[in-house]
Amino acid sequence: MTGPLAVFIGPMGAGKTRVGKRVARALGVSFTDTDKVIVAAHGPIADIFDAHGEPHFRALERDAVREALHGSGVVSLGGGAVLDASTQEALGGLPVVYLHIDADAVASRLDDGKRPLVRGGIGDWQRIYDARRPVYERLASVTFDTSRLPIDRVAADVVTWIESRGLETP
């Protein structure tokens with residue numbers, strides 16, 4: 001198989017980066033977080049939103065995602081990356097892991113002030129999640145709920161799923 005062993009999608013705060021890093025480490029492969037790629041090249045996401053607006057950020061995101069999906073290992077996408085039609089198309093046929101989380105569980109994870117779309121709190125998060133959820137569900141190869149299970153357990157379950165699919169790891 002060419003391309004990533006797993007691509008993580010899901011709402012803000014679901015644990016895509018935390019789980020993805022653990023899965024990559026367990027499989028001995030690289031990990032790419034497209035939000036981190038953008039931050040390294042262009043500065044903090046909140047600053048990009050404030051200075052240039054969401055459309056500019058989404059263009060940077062689309063480029064980072066395209067590059068990451070041509071690589072290998074494990075990839076984590078930002079919560080809104082799946083809104084782009086070309087990204088949706090690129091995810092077709094890839095092993096897409098959707099991490100679901102409920103509002104009660106995510107509330108404490110949103111207080112870092114680094115998420116420009118949820119500056120208004122959990123109500124903003126719920127509105128965004130409700131709008132994006134059908135896209136996550138349609139693109140997903142598999143879904144894991146991170147609301148109550150320890151992150152290490154979720155990562156182990158994802159590794160088991162990857163291995164059960166017979167995907168080659170180094």
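**Close-up views of a predicted model**

**View 1. The whole chain, element by element.** From the N terminus on, the elements of the protein run β-α-β-α-α-α-β-α-β-α-α-β-α. That comes to eight helices and five strands, where helices (H or I, at least four residues) and strands (E, at least two) are DSSP runs, numbered from the N terminus. This is a predicted model, in which local features need pLDDT of at least 70, side-chain atom pairs count only at pLDDT 80 or more, and totals for chains, interfaces and linings use all residues. Residues are numbered from 1 along each chain as its sequence is written, and side-chain values use heavy atoms, with hydrogens and water left out. Of the 170 residues in the protein, 48% are buried; buried means under 20% relative accessible area, exposed over 50%, and partly exposed in between (1.4 Å probe, protein chains only). Take the contacts (heavy atoms within 4.5 Å) between residues at least 6 apart in sequence: 72% of them join residues at least 24 apart.

**View 2. The largest nonpolar core and Phe 8.** A nonpolar core is a set of buried Ala, Val, Leu, Ile, Met, Phe, Trp, Tyr and Cys residues joined through side-chain atoms within 4.5 Å. The largest one here has 45 residues, and those with the most contacts inside it are Phe 8, Ile 9, Val 19, Val 23, Leu 91, Val 97 and Val 158. Helix α8 (residues 151-164) gives the most to this core, with seven residues. Apart from it lies another core, of seven residues, among them Ile 48, Phe 49, Phe 57 and Ala 64. In soluble globular proteins, nonpolar side chains tend to be buried together. Now look at Phe 8: leaving aside neighbours within four places in sequence, its contacts include Val 19, Val 23, Val 74, Ser 76, Val 97 and Val 158.

**View 3. Ser 76, tucked into strand β3.** Ser 76 has its place in strand β3 (residues 74-76). With a relative accessible area of 1%, Ser 76 is buried. Leaving aside its neighbours within four places in sequence, you'll find Ser 76 in contact with Phe 8, Lys 16, Thr 17, Phe 31, Thr 32, Asp 33 and Thr 34.

**View 4. Pro 11, in the loop between β1 and α1.** Pro 11 sits in the loop between β1 (6-9) and α1, and is buried, with a relative accessible area of 2%. Not counting residues up to four places away in sequence, Pro 11 touches Lys 16, Tyr 98, Leu 99, Ile 101, Trp 125, Tyr 129 and Tyr 136. Pro 11 and Tyr 136 are 125 residues apart in sequence, yet 8.6 Å apart in space, C-alpha to C-alpha.

**View 5. Helix α1 against helix α8.** Two packed helices are described by the angle between their axes and the distance between the axes. The axes of α1 (residues 16-27) and α8 come within 9 Å and cross at roughly 50°; axes are lines fitted to C-alpha atoms, for helices over the stretch in contact, and angles run from 0 to 180 degrees between N-to-C directions. That makes α1 oblique to α8, since angles under 35 degrees count as roughly parallel, over 145 as roughly antiparallel, 65 to 115 as roughly perpendicular and the rest as oblique. Residues of α1 that meet α8 include Arg 18, Val 19, Arg 22 and Val 23. By class, this contact has 10 nonpolar, no polar and four charged residues; Ala, Val, Leu, Ile, Met, Phe, Trp, Tyr, Cys and Pro count as nonpolar, Asp, Glu, Lys and Arg as charged, and the others, Gly among them, as polar.

**View 6. Arg 22, a residue of α1.** Arg 22 lies in helix α1 and is partly exposed, with a relative accessible area of 27%. Not counting residues up to four places away in sequence, Arg 22 touches Ile 151, Asp 152 and Ala 155. The C-alpha atoms of Arg 22 and Val 74, 52 residues apart along the chain, are separated by 9.8 Å.

View 7. The axes of α2 (residues 34-42) and α4 (residues 54-69) come within 9 Å and cross at roughly 120°, which makes α2 oblique to α4. The residues of α2 that meet α4 are Thr 34, Asp 35, Val 37, Ile 38 and His 42. For α3 (residues 45-52) and α4, the axes come within 7 Å and cross at roughly 130°, so these two are oblique to each other as well. On the α3 side, Ile 45, Ile 48, Phe 49 and His 52 make the contact.
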